[in-house]
Amino acid sequence: MEIECITVGEFQVNTYLIRDTASGQAAIIDTGETAELAAYLASLQPQPDIRMILLTHGHLDHAGALTGLQQQFDVPTYLPRLEQPLFATLPQQGDWFGAPHMNRPCGRIDHYVDDGDIIQLGETTLHFISTPGHTPGQGCYYDDKDIFVGDTLFAGSVGRSDLPLGDPALMQQSLHKLMQLPGHLRVHSGHGPVTTLDRERETNPFLTFLRN
Ligand SMILES: [Zn+2]
């Protein structure tokens with residue numbers, strides 16, 4: 001799998017263009033909240049063979065540009081099933097941050113994913129693991145080398161669980177669950193640099209509860 005990280009928008013969110021090397025089939029992971037990602041993708045030559053949009057969670061900086069992106073790429077879109085209540089608030093989320101200009105329409109969801117679901121992209125098998133806490137349905141997509149964690153885990157930090165519909169106790173459980181996955185997995189977060197599960201297990205100050 002080839003991975004390109006495109007950082008966009010006021011929140012500097014990491015969106016990803018991933019490509020199955022064997023087939024060339026591609027997917028977008030998260031959208032940002034502006035037209036930046038759509039413009040970047042339109043500029044690529046040759047055009048990527050985009051087959052799907054995968055959302056890690058429903059915060060506006062990750063899912064706000066979905067409607068615009070779907071006008072350009074009319075492909076199936078996946079959202080964690082448990083994320084529906086938060087996703088439905090996209091038209092008001094800008095208000096939460098004192099930024100009503102960032103309120104966005106919801107866009108179309110074609111498939112709801114549940115813990116353990118598998119999504120096939122060419123010859124790449126993506127697994128979905130549900131890791132609620134930052135949001136009610138936040139989840140991660142991974143293969144045998146890479147994991148896309150949204151705002152569950154960052155290099156040296158973890159996602160906030162004090163925002164509306166966040167849950168600190170669930171967050172602790174989800175971090176524990178996430179750390180059961182193979183440590184060599186490269187972690188591609190919603191914000192900030194790449195890391196690995198092993199590195200975070202050993203050095204992340206917010207994961208000391210896992211080391212005691
Ligand atoms: Zn978030």
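**Strands, then zinc**

Mentor: Strand β2 (residues 13–19) is mostly covered, with 6 of its 7 residues buried. Buried means under 20% relative accessible area with a 1.4 Å probe, protein chains only, and strands are DSSP runs of E, at least two residues, numbered from the N terminus. It's a predicted model: local features need pLDDT of at least 70, side-chain atom pairs count only at pLDDT 80 or more, and totals for chains, interfaces and linings use all residues. Residues are numbered from 1 along each chain as its sequence is written, and side-chain values use heavy atoms, leaving out hydrogens and water.

Trainee: In what sense do β1 and β2 pair?

Mentor: Antiparallel, over 7 bridges, with β1 covering residues 2–8; pairing takes at least two DSSP bridges between two strands. C5 stands opposite Y16 in β2.

Trainee: And which residue has a positive phi in the hairpin of β2 and β3?

Mentor: G24, near 80 degrees, in a hairpin with 5 residues between the strands.

Trainee: Switching to the metal: which residues are the protein donors of the zinc ion?

Mentor: H57 (NE2), H59 (ND1), H134 (NE2) and D151 (OD), lying 2.2 to 2.3 Å from the zinc ion. Donors are N, O and S atoms within 2.8 Å of the metal (3.2 Å for Na, K and Ca), and water is not among the atoms, so sites may look incomplete.

Trainee: What does the pair of H59 and D151 tie together?

Mentor: H59 is in the loop between β4 (49–54) and α2 (60–63) and D151 in the loop between β10 (146–150) and β11 (153–154), so the pair ties together parts 92 residues apart in sequence. Helices are DSSP runs of H or I, at least four residues.

Trainee: Are those two buried or exposed?

Mentor: H59 and D151 are both buried.

Note on methods:
Buried means under 20% relative accessible area, exposed over 50%, partly exposed in between (1.4 Å probe, protein chains only).
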